[in-house]
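Please open the structure in your viewer and keep the selection tool at hand.

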Amino acid sequence: MKRIEKGICLWLGLSVFASSGCGGGRGDGKLPPQEMTDTLFAVISANREAYASAVVDRLQYQEQIMEAKEHFREEKALPLPAQMLRMSAETINQNKDALFSYALLSPWPLNKQNGPRTESEKVGLRRVAETGKSHYTEETIGGRTYFSAYYPDKGVVEACVKCHNDHPDSPRKDFRVGDILGGIVIRVRIDE
């Protein structure tokens, strides 16, 4: 029951940090930051995988109806899965009251702005690439303290690895389905 209650609380605006009605395991109504980031990652990665396989892979490779392209607006195509993730992350970032943020980063970015910028990002991306496991840390950015979680971002379908391998700006061109392409970083504010 507690897992369902937490899930409902997350879907109702992530009010778990202030709400006494949402169980958190510590008895204080707060969802621990690692549980929150793990839950957010599960939702983010499920949405991305569903889009990559049920939309992009199906329409581009199986049925050959429509392609996903980097310049999707200009070319009247589907957005790439990474672009879909970025658009949703930017939507969250526009909400100044959001309790979290997330981004897709890579040690081998196709777009230089998606490379690591902080020491924490460099370490987190290196750890997930080396181990294939999540990495958790705390960091201070702009005077605020965050719980930061790094999750491996895998190429789940052929469309993912083909895009990375074929892109002219790709610093790496030997990816296979299942390989780690980078990482998803989720930050949750832990100071008040």
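Predicted model: local features only at pLDDT ≥ 70, side-chain atom pairs only at ≥ 80, totals over all residues.

Begin by selecting the four strands, which form an open sheet in the order β1-β4-β3-β2 with antiparallel pairing. Strands β1 and β2 (135-141) stand at the edges; each has a single partner strand, so one side of each is left without a neighbour in the sheet. From one strand to the next, the twist averages 25 degrees. Strands of a sheet pair through backbone hydrogen bonds.

Next, display β1 and β4 together; six bridges join them in the antiparallel sense. Within this region, L104 stands opposite I184 in β4.

Select E121, which lies in helix α5 (residues 119-131). Is E121 buried or exposed? With a relative accessible area of 5%, under the 20% limit, E121 is buried. Among the residues that E121 touches are L105, Y150 and R187.

**The largest pocket.** Finally, select L80, A82, Q83, L110 and N114, which lie nearest the centre of the largest pocket. This pocket has a volume of about 1,100 Å³ and is lined by 45 residues. Which helix gives the most to the lining? That helix is α4, with eight residues. Colouring the lining by class shows 22 nonpolar, ten polar and 13 charged residues.

Terms used:
Residues numbered from 1 in each chain as written. Heavy atoms only, no water. 1 Å grid on protein atoms, 1.4 Å probe; cavity = no way out; pocket = protein on both sides within 12 Å on 5 of 7 lines; lining within 4 Å. Points joined across faces, edges and corners; volume = space filled by probe spheres on them. Helix = DSSP H or I, 4+ residues; strand = E, 2+ residues; numbered from the N terminus. Nonpolar A, V, L, I, M, F, W, Y, C, P; charged D, E, K, R; others polar. Buried < 20%, exposed > 50% of the residue type's maximum accessible area, 1.4 Å probe, protein only. Contact = heavy atoms within 4.5 Å. Pairing = 2+ DSSP bridges. Axes fitted to C-alpha atoms, helices over the stretch in contact; angles between N-to-C directions. Lists of a residue's contacts leave out its neighbours within four places in sequence.
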